[in-house]
Structure formats: C-alpha cells, structure tokens
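Hi everyone, thanks for having me.

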Amino acid sequence: MAAQGQAGLTVDCRRAGIERGASSCGVAEVLTGAQSKDLNEMILGRYLSEEAMSDPRVGPAMIAMNDVTIRLIPGSWSWWHVKVLDQKICSGALTGTPGYILPLD
C-alpha cells in the first residue's frame, strides 16, 4: 500500500427515463505492484472475454495501462433519483427547466 486517505466516488446515470446516481465516501488505498496487477486482471476478466485478453492487440495493452489501483473502502453510501431529489430540494426547477441539467456527452 503506497498511501491511504479519504476519497469519494460518484456514479451518475442519465439516459432516457433513468436519471439517478450513487455516491460513497471512505478510506482510499493506493495499490501498486503485484496486488494492483492481481486486482486489475480480475476486473478486466469481468469485462473482457478470454479471447479479447489473448488478442495481442488488446490484452497486453490493457494490462500495461493498469499498474495502479485505487481501492475505496466505503464508509457510507447515498443514492438518489434526480426527479425525486429535484422535487424535494429545488421545487422541480432542475428537471422542469430546459438547459438546467447539462448532458453527459
């Protein structure tokens, strides 16, 4: 472990009919070396097939980019739905006024 501190993570999902998100704060660990390599290979295995990882154009490139991992150990989570949150704290101004919420693109 190279360093330890506090960090936060927010995931925002905005697609037609789906406007929600989640966030967490907690302890962050910066991992390097074998520990990082093992975790990143496990994560890559979740999203890329064995065939993709065996392709010399894909596998080695993905592995080479993954020499550091930041692991978040959540202390708390919060979730929201934009329309519900907007009604509760902004009286509908965010979702009811075109141009207030910018696109993610």
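Predicted model: local features only at pLDDT ≥ 70, side-chain atom pairs only at ≥ 80, totals over all residues.

Okay, the surface. Which residues form a nonpolar patch there? They're L9, V11, W77 and W79, and together they have about 480 Å² of accessible area. If you want to find them by element, strand 1 (3-15) and strand 3 (68-81) each give two or more residues to that patch.

Let's look at a few of them one by one. L9 is found in strand 1, and with a relative accessible area of 41% L9 is partly exposed. W77 is partly exposed too, at 45%. W79 sits at 64%, so W79 counts as exposed, the cut-off being over 50%.

Now, those two tryptophans. When you describe a pair of aromatic rings, you give the distance of the centres and the angle of the planes. A search of the whole structure finds one aromatic pair. W77 and W79 make up that pair, and they're stacked: 6.0 Å centre to centre, with 20° between the planes.

There's another ring to look at: R46 lies over the face of Y47, 5.3 Å from the ring centre.

C90 is in no disulfide either, as the nearest cysteine sulfur, in C13, is 20 Å off. C25 is partly exposed at 47%, and C90 is partly exposed at 28%.

That's it from me, thanks!

Conventions: Residues numbered from 1 in each chain as written. Heavy atoms only, no water. Patch = residues over 30% accessible without salt bridge, like charges linked within 9 Å, V, L, I, M, F, W, Y side chains within 5 Å. Areas by Shrake-Rupley, 256 points an atom, 1.4 Å probe, with all protein chains shown as cover. Salt bridge = Lys/Arg side-chain N within 4 Å of Asp/Glu carboxyl O. Helix = DSSP H or I, 4+ residues; strand = E, 2+ residues; numbered from the N terminus. Buried < 20%, exposed > 50% of the residue type's maximum accessible area, 1.4 Å probe, protein only. Phe/Tyr/Trp six-rings, centres within 6.5 Å; stacked < 30°, edge-to-face > 60°. Lys NZ or Arg CZ within 6 Å of the ring centre and 35° of its normal. Disulfide = S-S within 2.5 Å.
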